[in-house]
Amino acid sequence: MNYIDSHAHIFSEEFGNDFDEVCLRAKQAGVHRIMIVTTRADEARKAIAFAKQDPYRYQVAYGIHPEDVNLASDELLKEVKEIVSMPEVSAVGEIGLDYYWEKEKKEEQKELFIEQIKIANEARKPILVHSREAMQDTFDIMCQYPTRGLMHCFAGSAEMGIEFTKRGYYIALGGASTFKNARHSLEVCEAIDMNYLLTETDCPYMSPEPLRGKRNEPANIPYIAKKLASVRKMELEDFVEQVNQNYSRFIGEKK
Ligand SMILES: [Zn+2]
């Protein structure tokens, strides 16, 4: 099986001790492509050097997370621009708005989000969007500044999901869709155009059932894919193949 993990922080310190085993387990589980999401420039450079050994298997994304809005500066944005224009980088992210952790800095976050959308458009790379308790503002900005993008860990309604996909944006669902109270994300999974659905772990966070509470890793994608395939009433093979095509289209490999 060729599973996709479209959002994995495998260069975060949680994987410092057993990185090789984590990559090996992903391989053994049939997870054949992984988007490595980084939030620091030095982390991005390490991931880029690593991904070079197998650029089909590993993609790299880098951007300033909305929780790091306080770190943003012209200098840092210049560095983002420089890194994401490298051919080894496939996406700008994660970027977006977080009104849960950063309630006070809404205007600064919006400005930073827009700046990074512009950088992504200039570099012709898609964006990975983090949106927490900020769905309407996220949507408004993505309508005002059209780009290619993916809603990571999507927590909006089915109606909102449809509105995003109508504008060409992808929706990634992860561990939350396996939880007992997952009604919301399952409705999204059922309602949206299958051509815009992606799978993700968001590891080390958001472990799917039955591993909830433990450190998450790319090898857990099958739990998520099986759940989503059953919701779509699809054979697992067909579901996984469709997600593969979606991912490839998302990162710009084919139209
Ligand atoms: Zn993330």
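Which residue just after H8 takes a positive phi? In this predicted model that's Lys 233, with a phi of about 55°.

Residues count from 1 along each chain as its sequence is written. Because the model is predicted, local features need pLDDT of at least 70 and side-chain atom pairs pLDDT 80 or more, while totals for chains, interfaces and linings use all residues, and side-chain values use heavy atoms, without hydrogens or water.

View 1. His 7 in strand E1 (residues 3-8) and Asp 202, in the loop between strand E8 (197-199) and helix H8 (221-231), are 195 residues apart. Helices (H or I, at least four residues) and strands (E, at least two) are DSSP runs, numbered from the N terminus.

**View 2. Here's where H7 meets H8.** Leu 186, Cys 189 and Glu 190 of H7 meet Lys 227, Leu 228 and Val 231 of H8; contact means heavy atoms within 4.5 Å.

**View 3. Now look at the buried residues of H8.** They are Ile 221, Pro 222, Ile 224, Ala 225, Leu 228, Ala 229 and Val 231. Buried means under 20% relative accessible area, exposed over 50%, partly exposed in between (1.4 Å probe, protein chains only). Their cover includes E1, H7 and helix H9 (236-250).
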